[in-house]
Amino acid sequence: MLLACCASRRWALRVAAHRPYPDLDALLAAADEASYDLAHDDLTEALADERSPGLDPTAPSAAHTALRAAHAAYESRFGHAFVICLAGRRPTEHLNEMLGGIRVRMTNEQDEERAIAAEELRRLARARLTHLLTNHPEPDTAGAPR
C-alpha cells in the first residue's frame with residue numbers, strides 16, 4: 001500500500017520501518033521526513049511510476065485534447081510525468097490548476113522543476129495516505145492505524 005502512495009522503495013521502507021504509528025498525524029510526519037530524504041535516484045524511481053493527472057471523462061473533448069498536449073510538452077521537456085497534488089480542489093478547478101501549473105512550471109530549469117516535483121510527490125503521498133486510512137482503516141490489535 002505504501003508504494004501506491006509513493007513508488008520510491010526507499011521511501012516505503014523508511015515509512016514501514018517505524019510502524020505501527022499511534023495516529024495519522026504521526027504517519028504523515030514520518031512520510032514527510034522520508035520524502036525530504038529522497039536521493040536523486042529515489043526521486044527518479046518515484047516519478048517513473050507517476051502518471052499525469054487526467055480529467056473527468058465527462059469533461060469536453062477540447063479540454064482533454066488541451067491537457068494531453070500540455071502533458072506531452074511537459075514530459076518532453078522534463079522526462080517525467082507532470083505531478084501536482086489536487087487534494088482539496090474541486091473537480092471543476094482541476095483543468096485550470098493543471099494547465100496553469102504546467103504553463104508556469106515549463107519555464108523552470110531542470111533542477112528547480114525536480115525540487116517542485118519532489119514537493120508535489122510529498123503532498124501526493126500525504127493525500128494518498130490520508131485517503132487510504134480514512135477510507136480503509138485497518139487497525140492493529142491496539143486499535144492504532146498501521
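**Reading the helix packing**

Tutor: Begin with what lies over α7. The buried residues of α7 are covered by elements that include α1 (2-5), α2 (9-17), α3, α4 (40-49), α5 and α6. Covering is read from contact, meaning heavy atoms within 4.5 Å. Two notes on the source: this is a predicted model, where local features need pLDDT of at least 70, side-chain atom pairs count only at pLDDT 80 or more, and totals for chains, interfaces and linings use all residues. Residues are numbered from 1 along each chain as its sequence is written, and side-chain values use heavy atoms, with hydrogens and water left out.

Student: How many helices and strands does the chain have?

Tutor: Helices (H or I, at least four residues) and strands (E, at least two) are DSSP runs, numbered from the N terminus. The chain has 7 helices and 0 strands. Along the sequence the pattern reads α-α-α-α-α-α-α. The C-alpha atoms fill a box of roughly 50 × 35 × 20 Å along the principal axes.

Student: What share of the 146 residues counts as buried?

Tutor: Buried means under 20% relative accessible area, exposed over 50%, and partly exposed in between (1.4 Å probe, protein chains only). Of the 146 residues, 39% count as buried. Contacts tell you about sequence range too. Among contacts with a separation of 6 or more, 66% come from residues 24 or more positions apart.

Student: Which residues of α7 are buried?

Tutor: They are Glu-113, Arg-114, Ala-117, Glu-120, Leu-121, Arg-122, Leu-124, Ala-125, Leu-129, Leu-132 and Leu-133.

Student: How is a pair of packed helices described?

Tutor: By the angle between their axes and the distance between the axes. Axes are lines fitted to C-alpha atoms, for helices over the stretch in contact, and angles run from 0 to 180 degrees between N-to-C directions. Take helix α3 (residues 24-36) and α7. Their axes come within 10 Å and cross at roughly 155°.

Student: Are α3 and α7 roughly parallel or roughly antiparallel?

Tutor: Angles under 35 degrees count as roughly parallel, over 145 as roughly antiparallel, 65 to 115 as roughly perpendicular and the rest as oblique. α3 and α7 are therefore roughly antiparallel to each other. Now the hand. A crossing is left-handed if the near helix is turned anticlockwise from the far one by less than a right angle, and right-handed if clockwise. The crossing of α3 with α7 is right-handed. On the α3 side, contact is made by Leu-24, Leu-27, Leu-28, Ala-31, Asp-32, Ser-35 and Tyr-36. On the α7 side, the residues are Glu-119, Arg-122, Arg-126, Leu-129, Thr-130 and Leu-133.

Student: How does the contact of α3 with α7 divide by class?

Tutor: Ala, Val, Leu, Ile, Met, Phe, Trp, Tyr, Cys and Pro count as nonpolar, Asp, Glu, Lys and Arg as charged, and the others, Gly among them, as polar. This contact has 7 nonpolar, 2 polar and 4 charged residues.

Student: At what angle do α5 and α6 cross?

Tutor: The axes of helix α5 (residues 61-78) and helix α6 (residues 94-105) cross at roughly 30° and come within 10 Å. α5 and α6 are therefore roughly parallel. Their crossing is left-handed. From α5, the contact includes Ala-63, Leu-67 and Tyr-74; from α6, it includes Leu-95, Met-98 and Ile-102. By class there are 10 nonpolar, 1 polar and 1 charged residues.

Student: What covers the buried residues of α6?

Tutor: The cover includes α5 and α7 (110-135). Among the buried residues of α6 are His-94, Gly-100, Gly-101 and Arg-105.

Student: Where is Met-106, and which residues does it touch?

Tutor: Met-106 is in the loop between α6 and α7. Its relative accessible area is 24%, so Met-106 is partly exposed. Leaving out residues up to four places away in sequence, Met-106 touches Ala-73, Tyr-74, Arg-77 and Phe-78. Ala-73 is in helix α5. Ala-73 is partly exposed too, at 34% relative accessibility.
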